[in-house]
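Student: May we examine how the parts of this protein pack together?

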Amino acid sequence: MPAVPADPHPSTGIGTDTGAETDTETDASTGAGTGRAAGTWPAPVRRPTGRDVARLAGVSQATVSLVFSGAEAGRRVSEATRARVREAARSLGYRPQAAGRQLRLGRSGMIMLAVPNLQGPFFGRVLEGVHHEAGRHGLAVVVSSGWGSATLAEAATAGRFDGLLICSPDDSQLGELPPDTPAVFLDADPGTDRARPTVELDVAGGMRAAVEHLAALGHRRIGHLRSTHAAYTFRVRQAAFEQAVRELGLDVVELGVSLNDGHAAARSVAGELLERADRPRAVICDDDVVASGVYQAAAERGLRVPDDLSVVGMDNVAVSGLLAPPLTTVDLPGEELGRAGAAALAGLLAGERVEPVAPLATSLVLRSSTAPAPAPSPSQVPNPEAT
């Protein structure tokens, strides 16, 4: 009797016909079978086309195209026929593709928002505002970071974007854009390109408010963790800080930190500041992520916020209210900045004259991370009897 070859897959039945039914998936919510073999997915449902609409409405494809080509072309079709075509499209779930219309208009329907760092939470606030306003004008938004002047020039000339929003640019990222490129600068030097709109934030006013708040609490020696980036917004913050402490007669300890290196870099630099024998009892940070690094560095050294150290941030991103204790910070209205910039860009694309926008107001948000300066220790109090 000839030997029967061993089943190469005895435990799975692969390669053999066992006569068993194929396993199928079950809808967990109804218990009904989905009709789909386990581990497989159905082919995508075919999207309805203009030809399907024409067939259902009893008209030509050319008529369907006219109906969806805009008000001017649509008037060449009777009202009754337009209604029939639109009803057919609605019942089929037909959505006319924008590509053809954009080609006729010479537009892509997209704008680019260029930000220095996608991981920066402040830029999420800006993007939210841009998306909101761009959607009102039928524009889609693409976000880019890590760009330079060459990237911007290429994006401006390749025809992929109708316009550019350039937010908080570093000096090295700026270059000359083609004169016919619609562009708006956000949180940037208004002298960068006087031929194009700029929407500014009153970061100087916010920094002054932060310094004055700490001085009012009795702090006479203030630390400042400042950004090392060569961007207009940080130059303005630095100039405002220096002017405020000079006018108030405060002592200052400053250290630089790279904001793009995030929390770890901030924690390291904050540690240097707090290790000093003459460490300040109050610190202002150029953004809230840096402030979070100060919190951690303080906790690692047994210092309590605000009992031992008052901390003020800038940006008012979501993390600022989640820190323990919640962070006092300067609110920079990122959403409003994004909306104003997108509105200005939409105006340029529509051929409208765009009026200058006044710098957007900032405000100090008082929470629980600052306290009155501690009384000096006995060793620090001058002895009037000593001669």
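**Sheet and helix packing**

Tutor: The model is predicted. It contains an open sheet of 6 strands with mixed pairing, in the order S9-S8-S10-S11-S12-S13.

Student: Which strands stand at the edges of this sheet, each with a single partner strand?

Tutor: The order of the open sheet is S9-S8-S10-S11-S12-S13. Each edge strand has a single partner, so one side of each is left without a neighbour in the sheet. The edge strands are S9 (251-257) and S13 (363-365).

Student: Which residue in S10 does glycine 223 stand opposite?

Tutor: Strand S8 (residues 221-227) and strand S10 (residues 282-285) run parallel and are joined by 3 bridges. Opposite glycine 223, S10 places valine 283.

Student: At what angle to S8 does helix H9 run?

Tutor: Helix H9 (residues 232-248) lies across S8, S9, S10 and strand S11 (310-315). Its direction relative to S8 is about 170°.

Student: Are helices H6 and H12 parallel or oblique to each other?

Tutor: The axes of H6 (residues 121-136) and H12 (residues 334-349) come within 6 Å and cross at roughly 40°. Roughly parallel would require an angle under 35 degrees. The two helices are therefore oblique.

Student: How many residues of the contact of H6 with H12 are charged?

Tutor: Among the residues making the contact are Arg125, Glu128 and Glu133 of H6, and Glu335 and Arg339 of H12. The contact also holds 7 nonpolar and 4 polar residues. The number of charged residues is 5.

Technical notes:
Residues are numbered from 1 along each chain as its sequence is written. This is a predicted model: local features need pLDDT of at least 70, side-chain atom pairs count only at pLDDT 80 or more; totals for chains, interfaces and linings use all residues. Side-chain values use heavy atoms; hydrogens and water are left out. Axes are lines fitted to C-alpha atoms, for helices over the stretch in contact, and angles run from 0 to 180 degrees between N-to-C directions. Helices (H or I, at least four residues) and strands (E, at least two) are DSSP runs, numbered from the N terminus. Angles under 35 degrees count as roughly parallel, over 145 as roughly antiparallel, 65 to 115 as roughly perpendicular and the rest as oblique. Contact means heavy atoms within 4.5 Å. Ala, Val, Leu, Ile, Met, Phe, Trp, Tyr, Cys and Pro count as nonpolar, Asp, Glu, Lys and Arg as charged, and the others, Gly among them, as polar. Two strands pair if DSSP finds at least two bridges between them.
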